[in-house]
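Subject: Structure handover

Hello,

Here is the structure I promised you. Please open it and keep it on screen while you read my notes below.

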Amino acid sequence: MAARFAQIPVLPLDEAFAVTAEFKADAFPQKVSLGAGVYRDEGGKPWVLPSVKKAKEKLHQTPNLDHEYLPIQGSDPFLQLARDLVFGDSSLPSSNSSSNSSSSPSPGSGSGSRSKDNTKPQTKNVISFQTISGTGANHLGAQFLAQHLRPKHVFISDPTWANHHLVWTVAAPDVVQKTYPYYHPASRSLDFDGWLTTLENEAVENDVVILHACAHNPTGIDPTREQWEVLAQLFKRKRLFAFFDSAYQGFATGDLDMDAWAMRHFQTVLFGSGPEPKTETKTKTESETESSATAGNDDEVVVNVQSSTQHQQGHPGLCIAQSFAKNFGLYGERVGAFHLSLPLSVSPAGAYSQLLRLTRAEISNPPLFGARIVQTVLSDVDLRAQWQQDLQTMSLRIRSVRGLLRKAIEQQQQQQQQHQQQQQSSSGSVATAITDWSHLESQIGMFSYTGLTVPQVQRLKEVHHVYLMRNGRASLSGVNEHNVHYVAAAIAEVVAQPIDANE
Ligand SMILES: Cc1ncc(COP(=O)(O)O)c(C=O)c1O
């Protein structure tokens, strides 16, 4: 046994955590961390959101809170609020928290189905599970889809959050991973044509495509609404399964609805919107009855029939992996949800029972405290308003840092140029000579895909003690008005190096 353990190959540390460890070990006083995807305040410190602080106080003052297990699927009031956040909330927060905690499926209680607003998607056939943050939701989704949708391929953007590949490798090893082009380095913009062409030519029915709901990690570049519309039509026509990874709702623009636009649009295109669909009751088939046994359902299920949605027959559905790490600053509490949206013609009972099974085997019951915090904030009008202000605080700070950093780098480069002209010296070719830093401002969310090369990133670390990911991704929350000039000078210095000095 010991010999076998001795043969286990040592894997490299995950890069994000390796960069953070190197940063921590560096004793240089002016060191700067642009590695980890976590929010920092103007003083470079972790920020506990005021809304979260108040929710914790409220919870501490609630005398009868117990510490019982949650149901396997998680807290139903939390799940309903989480689902409303994704698909649109048409009611006051307080009216959302009246769910029961039974283990039967509770699709269709989402706000979209209550809404008379035709622009809101209906959510009659959405089932939701509490997960271990966004990673757990990605994992549960990958496992479930591999077993029950059985796609031939999963398409992942190139580049992407590195964990997407790992999650699918571990949770769904039989699904072939493919990438779709996302980023065009020369123009530092979205490679939309490449993306469409790849899906058009290589994706087959039931293939899963991972989509970043907003604030694409690492590029900070999102499709426009028109581009999302084109994609949604392609998914509908080719019957592709959209897997939205939503880790930054509210954090990207500060506006929860804007950041959810793509998810809601897909849901509307695939499953309709507005008024409640007609419902009829049918008796379950034998196999449905069997597969829903563990969900504890009655023998009758409600099947939704909507004439305008007949054309979607055969479309597999879509899902969302929702994280509350960034938008609540609850990184360590691991609060998340997995939402599976099925065609209206499909009973959710089987899928629900299988998700119960997977969750039971993996975590039995999800954790309580973080979900309580989120639930408390979202269900209280004042706390929710405070939270929306907190989102503005975070997203506005990042946006202002983008402008400051761009200006500071461009100033540094102008000074360098003047200096060179005075010296009348030409130091030969400079590395990539990025002189236009507008992408810092046009990108969105926590990260900037700076365009810095691997040797430049290396030099930033070794000479200037500024840490970021090898692919040039910088977490802008590490920049503030105290260090912005230091960071800008360091970046200007590394891009001014002759090419061979950077190789
Ligand atoms: C794109 C993306 N998806 C999912 C996550 C999941 O994070 P967590 O598991 O902390 O919620 C992250 C976090 O960095 C992310 O950037």
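Start with E7 and strand E8 (residues 241-246): they pair in the parallel sense, over 5 bridges. Look for Leu211, whose bridge partner in E8 is Phe244. Bear in mind that this is a predicted model.

Stay with strand E7. How many of its residues are buried? The count is 5 of the 5, so E7 is largely enclosed by the rest of the structure. In a regular strand, side chains alternate between the two faces of the sheet.

Now go to E3. It runs parallel to E7, and 2 bridges join the two strands. Val154 stands opposite Val208 in E7. E3 is also joined to E4 by 6 bridges, and this pair runs parallel too. There, Phe155 faces Lys178 of E4.

Next, the whole sheet. It is open, has 7 strands, and its pairing is mixed. The order is E2-E12-E11-E8-E7-E3-E4. Strand E2 (126-132) and E4 are the edge strands, and each pairs on one side only. On average, neighbouring strands are turned by 25° against each other, direction ignored.

Helix H7 packs on this sheet, where it touches E3, E4 and E7. Its direction makes about 165° with that of E3.

Which residues of H7 (residues 163-171) are buried? They are His164, Val167, Trp168 and Ala171. Seen down the helix axis, these buried residues fall within an arc of 90°, so they line one face of H7. The spacing has a simple background: an α-helix has 3.6 residues a turn, so residues three or four places apart point the same way. On the other side of H7, Thr169 and Val170 are exposed. The cover over the buried residues includes helix H6 (133-148), strand E3 (153-158), strand E4 (176-181) and strand E7 (208-212).

Last, a helix pair. H9 (residues 225-238) and H11 (residues 261-271) pack at an angle of about 35°, and their axes are 10 Å apart. The crossing of H9 past H11 is right-handed. On the H9 side, the contact is made by Arg225, Trp228, Glu229, Ala232, Phe235 and Lys236. H11 contributes Trp261, Ala262, His265, Phe266, Val269 and Leu270. By type, the residues of this contact divide into 8 nonpolar, 1 polar and 3 charged.

Best wishes

Definitions and conventions
Residues are numbered from 1 along each chain as its sequence is written. This is a predicted model: local features need pLDDT of at least 70, side-chain atom pairs count only at pLDDT 80 or more; totals for chains, interfaces and linings use all residues. Axes are lines fitted to C-alpha atoms, for helices over the stretch in contact, and angles run from 0 to 180 degrees between N-to-C directions. Helices (H or I, at least four residues) and strands (E, at least two) are DSSP runs, numbered from the N terminus. A crossing is left-handed if the near helix is turned anticlockwise from the far one by less than a right angle, and right-handed if clockwise. Two residues are in contact if their C-beta atoms, placed from the backbone, lie within 7 Å. Ala, Val, Leu, Ile, Met, Phe, Trp, Tyr, Cys and Pro count as nonpolar, Asp, Glu, Lys and Arg as charged, and the others, Gly among them, as polar. A residue is buried if 20 or more other C-beta atoms lie within 10 Å of its own, exposed if 12 or fewer, and partly exposed in between; C-beta atoms are placed from the backbone. The arc is that of the directions from the helix axis to the C-beta atoms. Two strands pair if DSSP finds at least two bridges between them.
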